[in-house]
Each structure stands twice: as C-alpha cells, then as structure tokens.
Amino acid sequence: MTAVPDASAARTRTAVVTGASSGIGAATARRLAAEGYRVILAARRKDRIEALAAELPDAEAYRLDVTDRAAVDAFAAALDARHDSVDVLVNNAGGALGADPVATGDPADWRTMYEVNVLGVLNVTQALLPALTASGDGTVVVVSSTAGHGTYEGGGGYVAAKHGAHVIAETLRLELCGEPVRVIEVAPGMVKTDEFAATRFRGDAAKAAKVYEGVAEPLTADDVADTIGWAVTRPAHVNIDLLVVRPRAQAANHKVHRTA
C-alpha cells in the first residue's frame, strides 16, 4: 500500500472533470474550484470550456473526446510531462440518444452511448490512474445514473450503458482495495439541464419538455454538483461507494409525481 505523503494537504489539489462544457460537468467544475481545487476542464467544445476556465481561478481547458483513446493518452502524457498532480477525476462525460424500444432501437445509437458512457470512463480512468495513485490520496468519481440501477421502457441502450459505468466503479473499487484511491459513484435521477433531453431527442424541444412536464422541481446541475463536491471532500478514509440522488417528486425511474 502506498503511503499518503505528509505534504499532500499543503499543496493545491487538482481535479480533472470530463464533459465540463455544460450541465453537471460545468457545475461540478465550479463547485470544486470553490472548494479550492485547481480544475482541468476536458470536453469536446473548446469554446465552452475556455470560457468557463476564464471564470475560475487557475483553471485550464483541454479539448478532449473521451472516446478517442489516443487523444486521452496524449492528454495524460501532457499532464505527466508537466509533472502535474492529479488528485480527483470526475468521469462525467456521457449522454443518452433516443427512447426507442429494444425491438426497434438503432444499433448506432447504442454503440455511441456505450462508447461515451462506458469506454470513455475506461479510457480516462486507465490513463490517469497512475497519477491518481501517485498522489497518495486519489479519488475517482463515476457519474452514472439511476438508469444504471433500474430498467425502464424505452431506455434500453442508455440503461445498458449506465449499468456498464456502474460496474466499472464497483469492480475498480474492489481491485484498488489497499491502494490510496477512493472510487465514488454518484447516480442522479431526473436532472433538468439545458441539453440532456434535447440531445436525447435530437433537438426536438417538445419531446424534451415532456420529460419534465408537470414535475415541479426536478434536480438541477448544481444539485448534483453539490453532491459530488460533498462526496469528494470527505476525509480521505471515508469512501462514498454509491450515492443515489433524486428529486423528491421521483420515487423510482418509472414513478414520478406530476401535477398535470
């Protein structure tokens, strides 16, 4: 077991957040920066993360597609070449496409969801795990979904992908037992952001709005970011294995109170 360096608490700690260009990722970057972390923002939309980095103290933006393994390895190598520490990795990049039943679902959509939600988590975690371990007190966060813990009609491809993300977190925690790295899974339920449902329904505003119709207070990106920030900032010996967070109006994936 690697010893935790005595000086670790004295230096500025660094957090890498994927999918940081909007929604939960951007909110998490802001929350961790407020907690004193130097945040490295990774996402495909360079303009978005550069604008966010300009808001935050000592933040950096890296254009990164987590499904591109060569690009992910180059990103990790660049951090290593600069002798940058990596203390926290928030695997937030992900998303859903479509709501078709299994019988008619588009295999291309399923493949895309698997690549970003599962292989994306795998790629970035593998690439940064040596640095997280070397920090002496590393934390891997996997932002999964309640879809990773229960099925629902029309969600087959997304549910399968998020189950994969959940299993990565669960397995990695077993495999790293005894190492100075925590593995935390945060599984949000219904979260209303500007892009999630709109992306899922390919810009169909009416379908996207219907997801939240009659729900007085779905979760916000800030709600989930607060949850991640709390879990990450627990004392080093405290591991939040799995934290499921839903709005009060949602008792289960299929059980939502709607006022209309």
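Biologist: How many residues does H3 have, and what distance does the helix reach from its first C-alpha to its last?

Modeller: In this predicted model, H3 has 13 residues and reaches 18 Å between those two atoms. That is close to the 18 Å expected at 1.5 Å a residue.

Biologist: Which residues of H3 are buried?

Modeller: Buried means under 20% relative accessible area. In H3 the buried residues are Val72, Phe75, Ala76 and Leu79. Looking down the axis of H3, you find them within an arc of 90 degrees, so they line one face of the helix.

Biologist: And which exposed residues does the face of H3 turned away from its buried side carry?

Modeller: That face carries Ala70 and Ala81, both exposed.

Biologist: What do the buried residues of H3 pack against?

Modeller: Their partners are strand E1 (14-18), strand E2 (38-43), E3 and helix H4 (107-134).

Biologist: Let's turn to the ends of H3. Which residue caps its N-terminal end?

Modeller: Aspartate 68 does, with a side-chain oxygen 3.2 Å from the backbone nitrogen of alanine 70. After H3 comes histidine 83, whose phi is positive, near 60 degrees.

Biologist: How should I read the ring pair of tyrosine 62 and phenylalanine 75?

Modeller: Look at the distance between ring centres and the angle between planes; an angle over 60 degrees counts as edge-to-face. The count here comes to 2 aromatic pairs. In the pair of tyrosine 62 and phenylalanine 75, the centres are 5.1 Å apart and the planes are at 70 degrees, so this pair is edge-to-face. Tyrosine 62 belongs to strand E3 (residues 60-63) and phenylalanine 75 to helix H3 (residues 69-81), so the pair ties together parts 13 residues apart in sequence.

Biologist: Are tyrosine 62 and phenylalanine 75 buried or exposed?

Modeller: Both tyrosine 62 and phenylalanine 75 are buried.

Biologist: I'd like to follow Ala225 and Ile228. Which residues of H8 are buried?

Modeller: Ala225 and Ile228 are among them, and the others are Ala221, Val224, Thr227, Gly229, Ala231 and Val232. What covers the buried residues of H8 includes H1, strand E4 (88-91), strand E5 (138-143), strand E6 (181-188) and strand E7 (242-245).

Biologist: Where is the place of glutamate 217, and is glutamate 217 buried or exposed?

Modeller: Glutamate 217 sits in the loop between helix H7 (205-211) and helix H8 (221-232). Exposed means over 50%, and glutamate 217, at 59% relative accessibility, therefore counts as exposed. Apart from neighbours within four places in sequence, glutamate 217 is in contact with Pro247 and Arg248. Glutamate 217 and arginine 248 are 31 residues apart along the chain, and their C-alpha atoms are separated by 8.0 Å.

Biologist: One last thing: what pLDDT does the protein average?

Modeller: The average is 95, and 96% of the residues score at least 70. Over residues 1-9, however, the pLDDT is below 50, and this stretch has 10 contacts in the model beyond near neighbours in sequence.

Definitions and conventions. Residues are numbered from 1 along each chain as its sequence is written. This is a predicted model: local features need pLDDT of at least 70, side-chain atom pairs count only at pLDDT 80 or more; totals for chains, interfaces and linings use all residues. Side-chain values use heavy atoms; hydrogens and water are left out. Rings of Phe, Tyr and Trp (its six-membered ring) pair if their centres lie within 6.5 Å; planes under 30 degrees apart count as stacked, over 60 as edge-to-face and the rest as tilted. Helices (H or I, at least four residues) and strands (E, at least two) are DSSP runs, numbered from the N terminus. Buried means under 20% relative accessible area, exposed over 50%, partly exposed in between (1.4 Å probe, protein chains only). Contact means heavy atoms within 4.5 Å. pLDDT is the predictor's confidence in each residue, from 0 to 100. The expected span of a helix is 1.5 Å times one less than its number of residues. The arc is that of the directions from the helix axis to the C-beta atoms. A polar contact is a pair of N or O atoms within 3.5 Å; within protein, one must be able to donate a hydrogen and the other to accept it, and residues adjacent in sequence count only if both atoms are side-chain atoms.
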